[in-house]
Amino acid sequence: MRFLRTFFVEINRKYIYNISMGKRTYEQVLYEINNARRFGNAPGVEIIGKILQILRKTENDIGRIPFVHIAGTNGKGSVCAFLDTIFQKAGYCTGRFTSPHLIEFEERITVDGKMIPKAAVERIGNMLLDADFGISLTMFDYCLMMALIYFKECGCGIMIIETGLGGRLDSTNAIGTPLAEVITKIGYDHMAILGSDIRDIAAEKAGIIKEGTIVISEPQTTLAAEVLKKSASDKNAQISFVTDEEIEAISHRKIGLAGTYQIENAACALKTAKILLENKGMPDEQIEKITAEALKQTVWPGRMEVLADKPFLLVDGAHNSNGVMALKSSLEKLYPGEKFVFFMGVMADKDYPLMIDEILPLAKCFITVTPDSDRALDSKKLAEFIRNRGIEVKCLMHISDIFDMLSSTDKNIAFGSLYFIGELKEKWESIDEEHF
């Protein structure tokens, strides 16, 4: 607990305006954090950089645990989950930071696969909320700093850190130089912020590459790959792309996550782990045993997850056109020739026209829902757009109404925003089985 004393005793004279505060309940801490602005006045990399500079005056090792940094458009969370499980099997105490959460806030911060306790959220949250660092933190900044502090307290040996948005200016990019950077599939998302040109988007993701590091990338489009190669070259970093042979090898192995797109994610995580564990001197046969077990046991809720068989309900967090393309491919492979009832809820800033056009050939009908978010696309507007595509669509006012609309003869597929999928899963778990 020396770090906690240091935080208040050494830093408070200049940065803590009232040491007697810190009396918020868990619920009050979450309320304040969740209501912090989504984007700051300064880029996240500057905000976290300044905070770490302050804290490292007394605790030099805060945020200095070895880590793997993951950026990309789709598959980041799955790769994080695979890597987390692999390194646990390899004997490491792992800290994993991802976003957003599906149901519980604590999902964002885990140690050895276990969510941060609510008591720790309350305690560390009070510390951070009482601090005046001379700069405004966003919700994401609070979450990241909470994770770094908690991972230090738990004595983690490795951190698995997922970027929030982009990479170059992302808050996570201030932590330091990682063991390796991982770039998952790059596509179109957050275009209002990252740009509408795939090269611009790739450049933002490549912004996490540090001097002389190891970079592992999933297969990319030609334009995106060119950007990554140049960025790596400029930083004297060694970049390695997952090969078709490596993907083919994974396709014959049992992995814990459903969906054809998870094969590439698993191959990427496996390639990364092999490089890092070999660098630590671990024998190949031990790596093979560890990774085989880990890939089978990895779980990542909300991605091609079957919630029920009767009526059939599958949920997937496909929230952009690339994600929907992957969902479509998986459905075609798993259930060839079938049509589906699609439940859809998305954010207004997503490329929903492309998402709909991609999945339309598999649709028997659509049912639209408005996710519980101020960024959500109104279900009526979404329904109108789909109706103009010439297919049957119904609009629901509440997510809980979905359960009365599930088809008993066709497969029901819910996809879109992770906020939507999380809310749906939460309500599903509270429903009495006799409802059906």
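This is a predicted model: local features need pLDDT of at least 70, side-chain atom pairs count only at pLDDT 80 or more; totals for chains, interfaces and linings use all residues.
Colleague: Why is Phe 340 called buried?

Modeller: Buried means under 20% relative accessible area, exposed over 50% and partly exposed in between, with a 1.4 Å probe and protein chains only. Phe 340 has 0% relative accessibility, and therefore counts as buried. Tyr 335, at 17%, is buried as well.

Colleague: Why is the pair of Phe 342 and Phe 415 said to tie parts of the chain together?

Modeller: Phe 342 lies in strand β11 (residues 340-345) and Phe 415 in strand β14 (residues 411-416), so the pair ties together parts that are 73 residues apart in sequence. Strands (E, at least two residues) and helices (H or I, at least four) are DSSP runs, numbered from the N terminus. Phe 342 is buried at 0% relative accessibility, and Phe 415 is buried at 0% too. Both belong to one aromatic cluster, together with Phe 312, Tyr 335, Phe 340 and Phe 366.

Colleague: What makes Lys 411 lie over the face of Phe 312?

Modeller: A charge sits over a ring if NZ of Lys or CZ of Arg is within 6 Å of the ring centre and within 35 degrees of the ring normal. Lys 411 is placed over the face of Phe 312, at 5.5 Å from the ring centre.

Colleague: Which residues have the most contacts inside the largest nonpolar core?

Modeller: A nonpolar core is a set of buried Ala, Val, Leu, Ile, Met, Phe, Trp, Tyr and Cys residues joined through side-chain atoms within 4.5 Å. The largest one has 46 residues, and Phe 97, Met 146 and Phe 151 have the most contacts inside it. Its largest share, twelve residues, comes from α7. In soluble globular proteins, nonpolar side chains tend to be buried together.

Colleague: Why is Lys 114 exposed but Asp 112 partly exposed?

Modeller: Lys 114 has 60% relative accessibility and therefore counts as exposed. Asp 112 has 29%, and therefore counts as partly exposed. Lys 114 is in strand β4 (residues 114-115), whereas Asp 112 is in the loop between β3 and β4.

Colleague: What makes the phi of Asp 112 worth a remark?

Modeller: Most residues other than glycine have a negative phi, and most peptide bonds are trans. The phi of Asp 112 is near 50°, a positive value in a residue other than glycine. Asn 236 has a positive phi near 55°.

Colleague: Which peptide bonds are called cis?

Modeller: One joins Ser 99 and Pro 100, with omega about -10°. Another joins Lys 310 and Pro 311, also with omega about -10°.

Note on methods
Residues are numbered from 1 along each chain as its sequence is written. Side-chain values use heavy atoms; hydrogens and water are left out. Rings of Phe, Tyr and Trp (its six-membered ring) pair if their centres lie within 6.5 Å; planes under 30 degrees apart count as stacked, over 60 as edge-to-face and the rest as tilted.
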